[in-house]
Amino acid sequence: MDIKNHRGLNQIGGCITEISTATSRVFIDMGQNLPGVGEPTTPEQDKAMVEGIFAQNRKEHEAVFYSHTHEDHIGLFWAVPDNVPQYLGEASKAIFIKKHMLIKRALQEKKEHLEKSSPLYDLMNEKIQHQVALIKKIDQMRTWQRPMTKRSPKPLQVGDISITPYYCCHSSFEGYMFLIEADDKRIWHTGDFRGHGYLSKGLYKTLETYARDIDTLIIEGTMLGRDEQCYTEAAISKRMQFVMQAFKNVFVLVSSTDMERLVSVKDAAMKAKGGYRLDKRAWYMSWAMTYATHQFGKHYRMMNFDVKYVDLMGKLPSTGFVIPVNVSLMERVQSALQRLDPSETILIYSSWDGYYKDPEQVAVNPRYKQFREMFDNVVDIHTSGHADRETLSRVINTIHPKESIIGIHKEPDTSLKSLDISDELKEKVKE
Ligand SMILES: [Zn+2]
Ligand SMILES: [Zn+2]
């Protein structure tokens, strides 16, 4: 069995890993580079790069598997040849298709406000058609179901390669690790994961049960260069609660699909203010909460969201509130702020700080920075979606691979050899 990392060895994101036998091959992730990583590319260049990968080393049986729906893992799905099946988790597919349907809906709304003679009208039509094509491609993707408590995941077969997805905790709607078996070898691919979320509780149990007898471990190392231990989601929720008690009007800037963070916001808001509300146009967040409640609420009590609404353009509760928002609602939040006392109002910034600190990120999307600047009071309360050094060491020690350890999704000047692992394991690190 051969392993080839086309991209993502010494950079965070843009991951593409190929695992092949004489007759078959699977790819784990087909990720777009994050802004600021490598030279920016055009869609034509991206397409040529992916086609180049599929033109080499061709096999009778081929498929792509996605660990989760962050763009740095799935962003190039559209360039994968139509005859190659693509797989992802059932809930991941649902959320991914919803995302593109909502982008299409927003474009259609914009189009309705344009005159037919406007030069933007045709451009908008083109963008809508592009979304239609993406939705069609996602719709063709195959899925696996997330096994709920105490059920073993089922392997999927691609020629002579067997691949089994295992749920893991990450700051996305759902995340997976993979066991890949062929030619009497066993590879474990971690995808993106962490050990400090609510749903990380099962991490070591999963590894002890299923990641046994592993020859090669492919592991993410986003946090290798950072020495601090990550705050747990529970600690994040507690800190949010104190802020929500101290301020009357609280907005929380949060990813619409990071369900565990939304649990943290919900729990804090329940304790501090007896509840929270969503803006009636927070379509994506509202859909994610409703879907999570239906799909996972039965098995995980925390995933039950009782969604109530408010209109940011209308009357706001006079006794104060907690409203989780994202940057797409910026104009509506700005309008609401005009009717609120700035000294009684705060933004809890609960997203990655690079979005407003890193000039390259700001150049690509200035809205996070602009969003913060609308408020007199801002507090950062966030924890990473990635495993800290202690967790990385423990995972490597737990799996204890026989042959090799490959670090991916990590900064160029960092090494797995710097972790608290034995010399024997350090010698197996391939960088
Ligand atoms: Zn990633
Ligand atoms: Zn991710």
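This passage describes the overall architecture of a predicted model and then one of its strands, β11. Local features were considered only at pLDDT of at least 70 and side-chain atom pairs only at pLDDT 80 or more, whereas totals for chains, interfaces and linings use all residues. Residues are numbered from 1 along each chain as its sequence is written.

The protein is assigned domain 1 (2-225 + 387-430) and domain 2 (233-380), the bounds coming from an automatic or database domain assignment. The centres of domain 1 and domain 2, taken over C-alpha atoms, are separated by 28 Å, and their contact takes 17 residues from domain 1 and 20 residues from domain 2, two residues being in contact if their C-beta atoms, placed from the backbone, lie within 7 Å.

Secondary structure comprises 14 helices and 19 strands, which are DSSP runs (H or I, at least four residues, for helices; E, at least two, for strands) numbered from the N terminus. Of the 431 residues, 42% count as buried, that is, with 20 or more other C-beta atoms, placed from the backbone, within 10 Å of their own.

Strand β11 (residues 216-220) has five of its five residues buried, so it is largely enclosed by the rest of the structure. Thr-216, Ile-218 and Glu-220 lie on one side of β11, and Leu-217 and Ile-219 on the other. Strand β10 (residues 185-189) runs parallel to β11 and is joined to it by three bridges, with Trp-188 and Leu-217 as bridge partners, while strand β18 (residues 404-408) pairs with β11 in the parallel sense over five bridges, pairing requiring at least two bridges found by DSSP; here Ile-218 stands opposite Ile-406.

How values were computed. Chains lettered and ligands numbered in written order. Buried ≥ 20, exposed ≤ 12 C-beta atoms within 10 Å, placed from the backbone.
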